[in-house]
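Here is a short report for a reader new to this protein chain. Please look at the sequence and the model first.

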Amino acid sequence: VSGRLGRRLFITPSEYKKVRVSISQYAERLPEHRKATRDVMWVVDICDLAVSTGLRLAELVHLQWGDVMLDRGILEVRPKTLERDGLSFRPKSKRARYVELQPLAVETLSRPHLLASRENNRSLVFTRCFGQKSELSPVDGKRVSKTWRKHRDLVRTKDPVPFHSLRSAYVTWLLLLSH
């Protein structure tokens, strides 16, 4: 798969694993005061969910626990309003859709530090990982992309695939598994 500039937009499972390990190792070496807020480890959670659901970064950042139905194995991507959800967000498709949760997505959403942030259905899935004051303020997508690029470059993937390539990898990996 290649993009507009002719660059490869596909990351192999082994390349993804190397980037993920790099982020995890970096997070383990952080001083204790930064570990308490998990300043880096949250990127692993977001990447794992991106590669196992195919969600866009903005959709991941605005994901609320009310959208996640672990018992049914699905999550809903839907527009959000200030009155109903406390957020204003409109997905690119502008319509609600359901996404089937793959085993990695279920495992990611079942991680204890993420489940601890589940106060109500309006709670954001990734808010507590940042130690932010307001529970309804979404995480910064630019910060996620920046951390992804840094660790992708550290492990020297074949091509400089952007974070959005995890969306393409999800579809490609599903197609490969179906044969």
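The text below covers the fold, the salt bridges and a charged surface patch.

This is a predicted model, in which local features need pLDDT of at least 70, side-chain atom pairs count only at pLDDT 80 or more, and totals for chains, interfaces and linings use all residues. Residues are numbered from 1 along each chain as its sequence is written, and side-chain values use heavy atoms, without hydrogens and water.

The protein chain has 9 helices and 3 strands (DSSP runs of H or I with at least four residues, and of E with at least two, numbered from the N terminus). Of its 179 residues, 45% are buried; buried means under 20% relative accessible area, exposed over 50%, and partly exposed in between (1.4 Å probe, protein chains only).

The whole structure holds 9 salt bridges, each a side-chain nitrogen of Lys or Arg within 4 Å of a carboxyl oxygen of Asp or Glu. Three of them are listed here.

| Salt bridge | N to O distance |
|---|---|
| Arginine 56 – glutamate 59 | 3.1 Å |
| Arginine 97 – glutamate 59 | 3.0 Å |
| Lysine 80 – aspartate 67 | 2.8 Å |

Arginine 97 lies in strand β3 and glutamate 59 in helix α4, so this pair ties together parts 38 residues apart in sequence. Glutamate 59 is buried, at 4% relative accessible area, whereas arginine 97 is partly exposed at 24%. Lysine 80 is buried at 6% relative accessibility, and aspartate 67 is buried at 0%. Salt bridges with shared partners join Asp67, Arg78, Lys80, Arg84 and Asp85 into one network.

Lysine 150, in helix α8 (residues 141-154), is partly exposed, with a relative accessible area of 41%.
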